Amino acid sequence: KCLLFFNLFLGLVLLGFFHRNNKNHPFLRSSTEMLMFPTPCHAKTNIMFLKTHKTASSTILNILFRFTERYNLAIALPADQLFHLGYPERFMTNFVEKFQTKQQNYNIMCNHLRFNPSEVHKVMAKNTFYFSILRNPIALLESSYVYYKNVAPAFSSSKDVNEYMASPTKYYYKEDYRRNIYAKNNMWFDFGYDNNAEDNENYIQAVLKEIEQNFHLILIADYFDESMILLKHTLCWDLDDVIYFKLNSRSNSTIQTLTPESKERIKTWCSLDWKLYLHFNQSFWRRIEETIGLEELEKEVNHLRIRQKDLTETCLLGEEAVVKTHIKDKALLPFQSGAADILGYNLRPDLNNETLKNCQKMVMPELQYTSYLYSLQHPHKKRKPLPFPMPWSSSQEK
């Protein structure tokens, strides 16, 4: 017993000694102090991205496609010959290739769909990270007008975006809303809600709350580089996981200048989208301040841009995007729509095989990359139709 009490006394003395002196010792910290040091995070690999329209979402799609390949993940791809997951119908599990027969959970889902949480949850793993992206509705509507000029009757029957916004009800008919989903509150629609709903404050607040419950993070396209840094931190990814070349952008010559009156009218005409954007623009910056800080954010954005400049010099001939008529390899030609001239890239001719393959994937348009991943994941199914050959084949990958 004497020995036991002696050991206990000695232990308490030593504990007090170390507690007093461990502040200056690099390897001895109290349990309280150790809790202050964050534990290493693990990269998230179960991810659902709601791909909204005309919000730089094609660039994020490319990031997620490359991530899927890098880590050999299972991706929920559109069934059969489709390139979207049933859009504009609300998502159903049968829109995913082979889900009905395999009943498996996927790591990644990111092609266009109209959000339907109960059905999406059946496809994705329980610990899936859900995120999406929004864009200022003023710029969004102008972009949609040009891109969907030949798709939406409300757009095609008007001369230009300012004429449309001068009197949108002259061209937009509620009963034809399915063909006009790009012409009013398109982001609201993509999240699964009625884009013709009344601007009721109680209804809007209920929807915003529901979106916050369904999604872990909402990015802002108007601050794309800042969004990529926040995404990197949130997913515990490396910088190269969020590196990108801008995809599906259009030439400046096809941008229509909005009058000040049109800009103000868009806020009212697309009031649901406007309030959605204002709400999540605030939460976006609040999230950055709470997790990264503005000073660190600026440093990391600079690192991202330096890395992009290096890759631009490595990969791109002329180091910039070019109009559709100047794209030499037609396999790298993006889908063209409406009055937009969608830009693409030419790769340097002196790249070695590995560098060429990596650069090709960074500039690969959405349809081509979807078709390629589909052929890898479902080799026995008929390939998705493309009007031109792929720049590489699955046999080259192997």
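**A parallel sheet, a covered helix and local backbone features**

In this predicted model, four strands form an open sheet in the order S2-S1-S3-S4, with parallel pairing. Strands S2 (108–109) and S4 (217–220) are the edges, each pairing on one side only. Helix H11 (residues 224–235) packs on this sheet and touches S1, S3 (129–134) and S4. The direction of H11 makes about 155° with that of S4. Strands of a sheet pair through backbone hydrogen bonds. Between S1 (residues 47–50) and S2, the parallel pairing runs over two bridges. Here Met48 stands opposite Met109 of S2.

Helix H6 (residues 137–147) is mostly covered, with 10 of its 11 residues buried. Among them are Pro137, Ile138, Leu140 and Leu141, as well as Glu142 and Tyr147. Asn136 caps the N-terminal end of H6. A side-chain oxygen of Asn136 lies 2.9 Å from the backbone nitrogen of Ile138.

Most residues other than glycine have a negative phi, and most peptide bonds are trans. The bond from Tyr87 to Pro88 is cis, with omega near 10°. Pro88 sits in the loop between H3 (57–70) and H4 (99–102). Cys236, in the loop between H11 and H12, has a positive phi near 60°. Its relative accessibility is 17%, so Cys236 counts as buried. Glu319 also has a positive phi, near 60°. Glu319 lies in the loop between H14 (294–315) and H15 (353–363) and is partly exposed, at 46% relative accessible area.

Conventions: Residues numbered from 1 in each chain as written. Predicted model: local features only at pLDDT ≥ 70, side-chain atom pairs only at ≥ 80, totals over all residues. Heavy atoms only, no water. Buried < 20%, exposed > 50% of the residue type's maximum accessible area, 1.4 Å probe, protein only. Polar contact = N/O pair within 3.5 Å; in protein donor to acceptor, adjacent residues only side chain to side chain. Pairing = 2+ DSSP bridges. Contact = heavy atoms within 4.5 Å. Axes fitted to C-alpha atoms, helices over the stretch in contact; angles between N-to-C directions.
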